[in-house]
Amino acid sequence: MAAGGVLAAFGIPAARAATKAAPRVVVIGGGFGGASCARLIKGEDRDITVTLVEANSTYIACPFSNAVIAGLRPLEQQKFGYDRVRAAGIEVIHRKVTAVDTKQRTVRLDDGKQLAYDRLVVAPGVELRFDAIPGYNEAAAEVLPHAWKAGEQTLLLRRQLEAMKDGGVVVMSAPANPFRCPPGPYERASLIAHYLKTHKPRSKLILLDAKDAFSKQKLFEAAWRELYPGMIEWVSLSSGGNVTRIETDTRTFVTEFGSHVADVGNVIPPQRAAAVAALAGVADQTGWCPVDPVSFESTLQPGVHVIGDAIIAGGMPKSAFSANSQARVCATAVVDLLRERKPASPKLINTCYSLVAPDYGISVAGVYQPANGLLTDVPGAGGVSALDAPKSMRAQEATYAEAWFKTITHGVFG
Amino acid sequence: MTRALVNVPKTAKRGEIIEIRAMIQHVMETGYREGPNGVTLPRNIIKRFVCKYGAQEIFSAELFPAIAANPYMAFSTVATETGTLTFEWTDDKGETQSASAEITVT
């Protein structure tokens, strides 16, 4: 106490003194962003005490979960634990966060425990908005799964597709931007069509969209014509694709100009940063989190960094690859700031692979740098797979996708 | 041919207020934008929209360059009789696209 008093007398806050002793970082959220960031901070500076708070003891990865829906992959291959994260010298606590006090710099957990931090990293991911489409709430998701968080929902959609009769109609709906995994709905439509073509060839898939354009659109549409002719009907916003109501008792998707009855329905609702972002005060009125693109520090809460799907990332899409890239930059920035160094302006990379069929992969890549307070595309960098690529190239890209998943999950959890 | 979409309740009670929706796929080019070659893109917008209930005009609108692509209009009227609602969109060149929907009033 006396020491604190003396320091305070000299105008040095007690927290700063503690920082010099052993800086403490708390990371909330153990996904591709948070778990990576925790490990990278520890990897850069062993002297920093890093605590990772994640509600679930098993992480179920979303990338490749569309293959689970299509029956191409067991869910078990999507599951990862935190043993290696612990082995890296990080304290991993499987608890929910109930409060964040950004003035006192503390995080409270649902067992009443309080964690003090010098810098906080929030990587909360998304939550599905059950207030966005009338009729689509959590109970409705048990009938018309979203399967936009991998796990039970993924398996539910899989079981429904298995139980559907040949000649059935699958109806999907995709939200307006921004949302997690921009090519995801179209990869899912492709892989469901692959399943239907293989097992239930008289069936059809209708994809209702709240947008007029989507990621890798030309590649997807060309592949659909080639692999699944007449099977996938994409209904754009300007063709009346905006879903305004869900009626679960009849499995009906009501749009502004009509309605579609599904044998199997998949609603991908609008999203926002998960609740802990609001608890920490880092989400704005859009539901997403504005950040400084150099350090990923929240523009709303000093000392709190936000990474991953929850942030307003400008040109950068919400993907596991992006979250991982951001984790790298954020980790370095957090260490720099704790050591009173100025973080350097970064360049970040994203690559999203999508499978259109098990042996048919396509990709989009981009490079981003801070400009005007946002992450902005570096002109001329990145690009998409060639529209006229041979089958061998598509097969190769499918193996690249698999290799990427192995690499990233090994880096985060292995 | 551009696509026009309309939504009218199939049935209504006499005197009931019903909602009508109409959307047309159209670029609504303002006439102020430059194309990739630096040449200004000619203005091309829907200028006028009219909805008739039977022979009676119940809603019309003049549209201007500030209106976004694929103009979408929703309005309401009173269901008076069984009949046809017709919708007409007229563009800068004077070309007209139409759509119609039936309503049964009880």
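What span should the residues of helix α10 of chain A have, and how far apart are its end C-alpha atoms?

A: This is a predicted model, in which local features need pLDDT of at least 70 and side-chain atom pairs count only at pLDDT 80 or more, while totals for chains, interfaces and linings use all residues. Residues are numbered from 1 along each chain as its sequence is written, and chains are lettered from A and ligands numbered from 1 in the order in which they are written.

Helices (H or I, at least four residues) are DSSP runs, numbered from the N terminus. Helix α10 of chain A covers residues 320-338; at 1.5 Å a residue its 19 residues should span 27 Å, and its end C-alpha atoms are 26 Å apart, which agrees. The expected span is 1.5 Å times one less than the number of residues.

Of the 19 residues of α10(A), 14 are buried, that is, 20 or more other C-beta atoms, placed from the backbone, lie within 10 Å of their own. After α10(A) comes A:Glu340, which has a positive phi, near 60 degrees.

The setting is the domain assignment, whose bounds come from an automatic or database source. In chain A, domain 1 is 14-125 + 274-345 and domain 2 is 140-269. Their centres, taken over C-alpha atoms, are separated by 32 Å. Domain 1 of chain A gives 17 residues to the contact and domain 2 of chain A gives 20; two residues are in contact if their C-beta atoms, placed from the backbone, lie within 7 Å. On the domain 1 side, the largest share, 5 residues, comes from helix α4 (residues 65-69) of chain A.

Key: Helix = DSSP H or I, 4+ residues; strand = E, 2+ residues; numbered from the N terminus. Buried ≥ 20, exposed ≤ 12 C-beta atoms within 10 Å, placed from the backbone.
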